[in-house]
Amino acid sequence: MALAANAAPYFPPRHIQKMEDDLAMLVELWDDGSGRPQPWGWSKAAKHVFLKRGVAENLLPTDAELEDWRMLSSRAFAADYLSAFLNQTPEKECVGRNMRFLKSLDELGTYQKTLKELKPVQRTMEDHKTPTSALIFKSPWSSSGRGVFMAENLDDATQKHLKGFVRHQGGFLVDTYYNNKVLDFALEFKVEDDGAVQFLGFSVFSAGTQGNYGYNLVAPQNELKAIIEQAAQQSLDALLQSHLNLLRQKLAGRYRGFVGIDMMVVSEEGVVKIHPCVEINLRMNMGILALLLEQKADDKDFYLRLRERLPFEDFPFADFDCLRSCMRSSVRVPLTPRREVGFQASVGNGRLMLTSS
């Protein structure tokens with residue numbers, strides 16, 4: 001949302017400010033001890049906050065870097081990235097070739113003419129209130145399902161919505177709506193200062209029909225990889241190597257920090273395929289948090305610090321000395337303070353969750 005506003009200072013809606021305050025303690029999970037500020041993601045607004053609090057400017061990204069990172073965070077970049085990826089991938093292995101970034105309704109009309117006749121999509125059981133759809137539209141910058149909607153046709157309401165995307169953010173992304181989703185997953189990376197791209201791990205998560213976040217699985221990497229490969233009915237090794245190669249081409253020397261590429265396994269006319277780039281997140285994300293929690297699951301000192309930081313929370317397993325023991329149970333363990341009204345992060349039954357009350 002701050003990237004979309006592209007302003008400093010930026011004041012998000014009150015409930016987003018509440019979320020930021022309530023979940024601030026999570027930053028300790030990814031603080032690498034370097035002394036550099038490490039926000040959830042970079043924007044003009046984030047830099048303004050750190051400068052106002054007295055952080056030396058040489059520890060912060062330059063204005064030119066922030067502008068470039070903003071454009072790399074746009075769904076326009078994700079569409080270009082996916083196109084480049086698919087140019088080197090056999091047709092039969094992937095879906096996503098209909099994903100485009102468009103700058104006007106005229107371009108959408110031309111786009112529709114290139115598609116085959118759209119088939120009606122069945123209403124899902126997951127969200128029976130969501131209208132059936134053949135296409136999914138997304139604004140260039142949005143968060144947790146906001147700025148995302150599905151539509152069967154270009155009626156007046158749909159056109160009005162899309163004109164708003166064009167007017168305020170310069171365009172919109174369009175893609176086929178894949179009703180038969182089998183699994184949501186992601187590959188998590190980090191681009192180092194020297195341009196090296198490090199693969200951090202696989203993540204498996206749950207998302208609603210419009211991308212709203214559900215939870216991440218917290219489990220060993222071999223288990224997560226097995227879950228994805230079983231769903232996809234193929235090895236992930238070639239997919240991973242292709243992304244590593246392309247990220248080096250696209251981001252080395254232009255960006256530094258975390259990168260998450262959201263993907264999904266879908267069933268298309270009975271054939272299981274992978275959509276290799278639904279979203280690109282150039283920031284910290286819940287998948288990386290899940291990876292970090294798994295790495296700390298057997299760390300007795302981490303669990304002790306967690307309990308000491310949350311002295312007023314009810315830890316139900318006082319006899320356990322690490323997070324692994326807790327995660328095997330169905331009881332949630334707090335990662336941030338509980339709020340009578342507000343947001344909380346917790347882990348339980350192998351799931352990392354954000355909840356609100």
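**Surface, fold and selected residues**

The protein exposes about 18300 Å², and carbon and sulfur atoms supply 49% of this area. Accessible areas come from the Shrake-Rupley method with a 1.4 Å probe, and for residues only the protein chains shown count as cover. The model is a predicted one, in which local features need pLDDT of at least 70 and side-chain atom pairs count only at pLDDT 80 or more, whereas totals for chains, interfaces and linings use all residues. Residues are numbered from 1 along each chain as its sequence is written, and side-chain values use heavy atoms, with hydrogens and water left out.

The overall fold comes next. The protein has 13 helices and 12 strands; these are DSSP runs numbered from the N terminus, with helices being H or I runs of at least four residues and strands being E runs of at least two. The radius of gyration is 21 Å, close to the 21 Å given by the globule rule for 357 residues, so the protein is as compact as a globular protein of that length. Here the radius is taken over C-alpha atoms, and the rule is 2.2 Å times the number of residues to the power 0.38. Along the principal axes, the C-alpha atoms fill a box of roughly 60 × 45 × 40 Å.

Of the 357 residues, 46% are buried, where buried means under 20% relative accessible area, exposed means over 50%, and partly exposed lies in between (1.4 Å probe, protein chains only). Among the contacts with a separation of 6 or more, 60% are between residues 24 or more positions apart; a contact means heavy atoms within 4.5 Å.

Glu65 belongs to helix H5, which covers residues 63-72, and is partly exposed at 24% relative accessibility. The side chain of Glu65 makes a polar contact of 2.8 Å with the side chain of Arg256. A polar contact is a pair of N or O atoms within 3.5 Å; within protein, one must be able to donate a hydrogen and the other to accept it, and residues adjacent in sequence count only if both atoms are side-chain atoms. Glu308 is 243 residues away from Glu65 along the chain, and their C-alpha atoms are separated by 38 Å.

Leu82, in helix H6 (residues 75-86), is buried at 1% relative accessibility. Beyond its neighbours within four places in sequence, Leu82 is in contact with Gly96, Met99, His275, Pro276 and Cys277. Met99 is 17 residues from Leu82 in sequence, with 8.0 Å between their C-alpha atoms. Thr158 sits in helix H8 (residues 156-169) and is also a buried residue, at 6% relative accessibility. Its side chain reaches the backbone oxygen of Asn153 at 3.3 Å.

On the strand side, Glu279 is part of strand E9 (residues 271-281). Is Glu279 buried or exposed? With a relative accessible area of 15%, Glu279 counts as buried. A polar contact of 3.2 Å links its side chain to that of Lys138. Not counting residues up to four places away in sequence, Glu279 touches Arg75, Lys138, Gly260, Ile261 and Asp262. Gln344 lies in strand E11 (residues 343-348) and is buried at 11% relative accessibility. The side chain of Gln344 reaches the backbone oxygen of Thr336 at 3.2 Å. Leaving aside neighbours within four places in sequence, the residues in contact with Gln344 include Leu23, Glu313, Pro334 and Met353.

The loops hold some backbone details. Ala8 and Pro9 are joined by a cis peptide bond, with omega about 0°, and Pro9 is in the loop between helix H1 (2-5) and helix H2 (14-22). Asn6 lies in the loop between H1 and H2 and has a positive phi near 50°, although this residue is not a glycine. Asn6 is partly exposed, at 25% relative accessible area. Gln233, another non-glycine residue, has a positive phi of about 60°. Gln233 is placed in the loop between helix H9 (221-232) and helix H10 (237-251), and is exposed, with a relative accessible area of 62%.
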